[in-house]
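Let's take a friendly walk through this protein model.

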Amino acid sequence: MKSAVFYGKHDVRIEEAPQPKVGADDVLIRIAACGVCGTDVHIFEGDKGAADVTPPTILGHEFSGIVEAVGDNVKDIAVGDKVCVDPNDTCGECYYCRNGIAHFCEHMTGIGTTTDGGFAQYCSVHKKQVYKLLPEASLIACAMAEPVACCLHGFDMCDVQPGSVVMVIGGGMIGLIMVQLAKIAGAHKVILLEPVAVKREMGAKLGADLTIDPLNEDVKAVLAAHHVGRINTVIECAGLKSTIAQAIDLAGKQSTVMMFGLTKPDDEVPIKPFEIFQKEVVLKASYINPYTQTRAVNLIQSGKIDVTSMVAEVCSLEKLKEVLADPALRAKGKYIVDPWMA
């Protein structure tokens with residue numbers, strides 16, 4: 001099969017690889033779509049993502065496809081079914097798994113990080129990580145179940161209440177999902193900070209009540225002009241030191257700041273504890289997607305959330321390295337890899 005293999009920093013090679021074996025509990029998936037994630041970019045740049053990667057590895061953890069074969073012990077999934085995947089496979093036996101916080105599993109297997117993933121024509125996945133889709137489901141949309149699941153976990157931690165004011169910083173794929181979740185939760189006003197005009201326009205279409213260019217507008221002046229007082233929740237989705245500091249600064253009294261964007265591992269953000277004290281700001285962070293994959297699939301398949309309008313291009317494996325290496329390309333929107341595209 002054709003695959004994109006990660007060998008180290010800035011080194012991704014298109015290679016022929018053996019088709020994965022199918023164990024008794026496994027499902028062989030013919031990959032239809034695999035999203036390019038910020039975590040893939042971090043790994044490509046030589047940084048640690050959510051898990052350690054030992055090259056050579058086939059990256060790609062946001063994917064969907066058609067079942068090609070199943071093991072003898074697989075009963076509820078059949079050849080020809082449309083499926084998507086939760087890439088984080090826990091052991092079920094360590095302290096964290098046995099105490100309801102399995103996403104901190106001491107023996108986590110990450111499809112597309114610690115084991116071969118979806119930037120290939122086929123991937124073999126344990127049956128418990130496979131989610132069956134409706135026959136009419138869009139495989140491109142359902143490839144996005146994993147990022148939606150991650151967003152749901154972080155959003156749950158924000159405890160957004162109906163009638164509240166939510167600010168999202170960063171209008172990439174993740175930020176636009178957060179905008180929609182805030183609207184679904186009943187936020188009275190959703191504000192999006194994003195420097196790229198096309199992304200601001202998309203944010204407005206997907207539910208943002210107010211969009212601001214933080215590089216060319218005075219954010220606080222715009223907020224005042226629109227009579228925005230206390231901001232209950234700020235969800236930072238850019239993963240930059242400057243935007244995390246901005247999130248803390250803009251957060252209202254007795255508010256929550258969700259530091260959702262993935263920074264570089266060694267980034268440090270100076271904070272003023274007195275400011276935190278004065279405003280009673282709660283700082284939170286969110287790690288992967290525990291127990292939220294089914295909800296994500298339900299939201300996508302029901303059409304309650306839009307995950308395709310922000311897709312810039314469906315591209316071939318051969319273009320993957322260019323996408324990973326070029327921020328200007330990624331600024332155009334989400335890239336989806338079709339490993340069968342010529």
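## How α3 meets α9

Helix α3 (residues 145-158) and helix α9 (residues 293-302) have axes that come within 8 Å and cross at roughly 115 degrees. That makes α3 roughly perpendicular to α9, a label for angles of 65 to 115 degrees; under 35 counts as roughly parallel, over 145 as roughly antiparallel, and the rest as oblique. The axes are lines fitted to C-alpha atoms, for helices over the stretch in contact, with angles from 0 to 180 degrees between N-to-C directions. Helices (H or I, at least four residues) and strands (E, at least two) are DSSP runs, numbered from the N terminus.

Which residues of α3 and α9 make the contact? On the α3 side they are Ala145, Glu146, Val148, Ala149, Leu152 and Asp156, and on the α9 side Gln293, Arg295, Ala296, Val297, Leu299 and Ile300. Contact here means heavy atoms within 4.5 Å.

This is a predicted model, in which local features need pLDDT of at least 70 and side-chain atom pairs count only at pLDDT 80 or more, while totals for chains, interfaces and linings use all residues. Residues are numbered from 1 along each chain as its sequence is written, and side-chain values use heavy atoms, leaving out hydrogens and water.

## How α3 meets α4

Helix α4 (residues 173-184) is another partner of α3: their axes come within 10 Å and cross at roughly 55 degrees. The two helices are therefore oblique to each other. In this contact, Pro147, Val148, Cys151, Leu152 and Phe155 of α3 meet Ile174, Ile177, Met178, Leu181 and Ala182 of α4.

## Cysteines without a bond

How many disulfides are there? The count is zero, where a disulfide is a pair of cysteine sulfur atoms within 2.5 Å. For cysteine 34, the closest cysteine sulfur belongs to cysteine 123, and at 8.8 Å this is too far for a bond. Cysteine 151 is in no disulfide either, with the nearest cysteine sulfur, in cysteine 237, 6.6 Å away.

Cysteine 151 is buried, with a relative accessible area of 0%. Buried means under 20%, exposed over 50%, and partly exposed in between (1.4 Å probe, protein chains only). Cysteine 34 is buried too, with a value of 0%.

## Backbone details

The peptide bond from proline 55 to proline 56 is cis, with omega near -5 degrees. Proline 56 sits in the loop between α1 (38-44) and β4 (57-58).

Aspartate 159 has a positive phi of about 50 degrees, although it is not a glycine. Aspartate 159 lies in the loop between α3 and β11 (165-169) and is exposed, with a relative accessible area of 53%.
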